[in-house]
Amino acid sequence: WVGFAHLGDLHYYDLGSGDHGIAGGGSLANYRRAYSDVLLQPNQHKLYRSCSWWYQWDDHDYGPNDSDGTLTDKANAAAAYRERVPHYDLPDSGGIWQAVQIGRVLVVASDTRYYRSPNTDPDGPSKTMLGAAQIDWLRDLLMSTSARALVWLMPSQWLRSTGSDTWAAFATERAALAGMLAELGWADRTVMVSADRHAARVHPPGHQYGGWPVMQAAPLDAAGGDPLYDYPDGRPDNPGPSHSQYGTVAVDDAGHEIRITLTTWRGSDQLDQWTHAIRTPSPATPATTGLIERAIA
């Protein structure tokens, strides 16, 4: 595999909450300790040394449950991330959004916590999950890239009509982002990978939140499972065990068409799959930006 993407809740230390008997709150030392504890685990240690590792935090590893941009010690979270996590260029001094182009596919990893408004704020134009700087950066990138397809890594749940700690509570900004991608001609050239919810399922194109395919892929290591009300055949009951669940994104660039296959798994058992075909002019020479050089380094 070219890389492994982890979209948050790498650990559940909930620094700053006072829970779990951890002294020192959200100190820089505690954020460093959290990474050290994770990387001492032999399976994770082996995985992160075997391929490129793209990691975006979510709430439990950025701060407490449902944490946002008001987090007191978020500068410590940002400093420890920059010390301990391999990453591409970070346009911001605090937030960790980033992107890399692989062939003709642009991979964008969003930061849904550092500038996030509190979930309980009333929805409207001033309520934000990504922050103005990140949205401006994304628009500029989509207008300037030579890529023809987009894989959008989204730690917070995109396909939700309810839920305080999801995009449902930021419906105005979600609609604006969907409109921006449509305006720039990206809506039918995008696939999204979403996390947080303990479930694995692929939603095909056609939903009301932008329309592109969305793969929900979690968790690698957690008990229980959550229903997916906003997915086809979503059930109100528990969908079953969710340990060892993940998703894969496979790209086949045939020149005239880029095919992106989203597959969800539980262990070695395939759960479901969708291939999104993107018609595109044949390239002269696909360009790879940064990935090979960084992998060798």
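What follows is a short exchange on the sheet and the cores.

Author: First, the model is predicted, so local features need pLDDT of at least 70 and side-chain atom pairs count only at pLDDT 80 or more, while totals for chains, interfaces and linings use all residues. Residues are numbered from 1 along each chain as its sequence is written, and side-chain values use heavy atoms, leaving out hydrogens and water.

Reader: What makes strand 5 and strand 6 a pair?

Author: Strands are DSSP E runs of at least two residues, helices H or I runs of at least four, numbered from the N terminus. Two strands pair if DSSP finds at least two bridges between them. Strand 5 (residues 149-154) and strand 6 (residues 190-194) have 5 bridges, in the parallel sense, so they count as paired. Trp152 stands opposite Met192 there.

Reader: Why are strand 3 and strand 7 called edge strands?

Author: The open sheet of 6 strands runs 3-4-5-6-8-7, with mixed pairing. Strand 3 (98-102) and strand 7 (200-203) each pair on one side only.

Reader: Which residues touch the most other members of the largest nonpolar core?

Author: Trp152 and Trp158, out of 31 residues. Such a core is a set of buried (under 20% relative accessible area, 1.4 Å probe, protein chains only) Ala, Val, Leu, Ile, Met, Phe, Trp, Tyr and Cys residues joined through side-chain atoms within 4.5 Å. Helix 5 gives the most to this core, with 5 residues.

Reader: What is Trp152 in contact with?

Author: Contact means heavy atoms within 4.5 Å. Beyond neighbours within four places in sequence, the partners of Trp152 include Val108, Leu138, Trp158 and Trp212.

Terms used:
Buried means under 20% relative accessible area, exposed over 50%, partly exposed in between (1.4 Å probe, protein chains only).
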